[in-house]
Amino acid sequence: MTISLDRPTDVQIHQLGGRIGARIDGVSLGSGLRHETITAIRTALLKHKVVFFRDQQQLDDEGQIAFAEQLGTLTTAHPTVNTGSAHVLALAATKGMAANSWHTDVTFVDRPPAFSVLRGVTIPPYGGSTVWANTATAYEALTPPLKALVNVLWATHSNEYDYVASTEDPEGDNPDRDALDRQEFRSSTYETEHPVVRIHPETGERALLLGHFVKKFTGLNSAESSALFQLLQNRVTRLENTVRWTWQEGDIAVWDNRATQHYAVADFDNHRREVRRVTVAGDVPVSLDGRRSRVVTGSSDAYTRIDELIS
């Protein structure tokens, strides 16, 4: 078990972009962080949506779990994918990645994660960066007519939807290229209807709940859904709404999954890239009129214990 030696007065927060991103210095992550330090990290996380820590080489899987537990109740590693750990999802690839598409983690269940904690384990000599986008500022920047539309719109999210279908893969299916096995990823079917605009449970912000697990919009046909999806996604991923992180081994990224999307860039040729993720359980999204997301297929109780979140 790694023990953290932190002094709250040493916490330094450096904003990286106008809409998203900050680097936090002066903290050695692990178990036993002081309340003041966790509060400072959480405050920065809610404000900047994603925060980064350099050179946390002291962390192993156990230490990463111990740090994440101080942010909230943990989920299991993944609803369908087993990488040999109760809480750590290992994502390793030697070419592309299933994550090289804009998405919010695990939106196909009714309780997507609140926070994700990602650790750089093996970083290629070039490429392999990750980009995050702020879905709250994306909503705020919409025109009044678009806000009126999305405020009442719902979408079905599914893990069966091939959200990487547009990714170029000239070599065909290669078990070594993807961070996740696609067949295992879809071994159990999950579908959930979410509001396109959700109320953030801690900040009260309105944020777009989209990403490439979206299968269709309720009440729209496939052509209409596709056109609207691209329009909204383009607003989310405008460059000024994003921050890009160039990984070094030992780096930690923590993001608010309720107000972001992210994209892992597959530009590292055949070099090995491995990151490991631990997730903090979230709540059921709530629409502007107070309705909660609805399960269509598949129970996420084994992934997130709802009894631990209700108090």
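The model is a predicted one, so please read every value here as computed from it. Glu 274 sits in strand E15, and its relative accessibility is 8%. Because buried means under 20% relative accessible area, Glu 274 counts as buried.

What surrounds Glu 274, leaving aside its neighbours within four places in sequence? Its contacts are Ala 90, Leu 91 and Ala 92, together with Arg 119, Gly 120, Val 121 and Thr 122.

## The chain as a whole

Now take a step back. The chain has 311 residues, and 52% of them are buried. It holds 6 helices and 16 strands. Its accessible surface comes to about 13,400 Å², with carbon and sulfur atoms accounting for 48%.

Take the contacts between residues at least 6 apart in sequence: 85% of these join residues at least 24 apart.

## An open sheet of 7 strands

Strand E15 belongs to an open sheet of 7 strands, ordered E1-E2-E3-E13-E5-E15-E4, with mixed pairing. At the edges are strand E1 (12–15) and strand E4 (89–93), each of which pairs on one side only. On average, neighbouring strands of this sheet are turned by 25° against each other, direction ignored.

How do E4 and E15 pair, and over how many bridges? The two strands are antiparallel and share 5 bridges, with E15 covering residues 273–280.

At its N-terminal end, H2 is capped by Asp 60: a side-chain oxygen of Asp 60 lies 3.3 Å from the backbone nitrogen of Glu 62. Gly 63, Gln 64, Ile 65, Ala 66, Phe 67 and Ala 68 are the buried residues of H2. Their cover includes H1, E5, E13 and E15.

Helix H1 lies across E1, E2, E3, E5 and E13, and runs at about 130° to E3. Glu 36 is found in this helix, which spans residues 35–48. Is Glu 36 buried or partly exposed? With a relative accessible area of 49%, Glu 36 is partly exposed. From C-alpha to C-alpha, Glu 36 is 9.7 Å from Val 11, although the two are 25 residues apart in sequence.

In soluble globular proteins, nonpolar side chains tend to be buried together. Here the largest nonpolar core has 27 residues, and those with the most contacts inside it are Ile 24, Leu 29, Val 51, Phe 53, Phe 67 and Val 254. At least two residues of this core come from each of E2, H1, E3, H2, E5, E13 and E15. H1 supplies the largest share, 5 residues.

Leaving aside neighbours within four places in sequence, Phe 67 is in contact with Leu 29, Gly 30, Leu 33, Ile 38, Ile 41, Val 117 and Val 254. There is also a second, separate core of 21 residues, which includes Trp 102, Ala 133, Leu 210 and Val 265.

Terms used
Residues numbered from 1 in each chain as written. Predicted model: local features only at pLDDT ≥ 70, side-chain atom pairs only at ≥ 80, totals over all residues. Heavy atoms only, no water. Helix = DSSP H or I, 4+ residues; strand = E, 2+ residues; numbered from the N terminus. Buried < 20%, exposed > 50% of the residue type's maximum accessible area, 1.4 Å probe, protein only. Contact = heavy atoms within 4.5 Å. Areas by Shrake-Rupley, 256 points an atom, 1.4 Å probe, with all protein chains shown as cover. Pairing = 2+ DSSP bridges. Axes fitted to C-alpha atoms, helices over the stretch in contact; angles between N-to-C directions. Core = buried A, V, L, I, M, F, W, Y, C linked by side-chain atoms within 4.5 Å. Polar contact = N/O pair within 3.5 Å; in protein donor to acceptor, adjacent residues only side chain to side chain.
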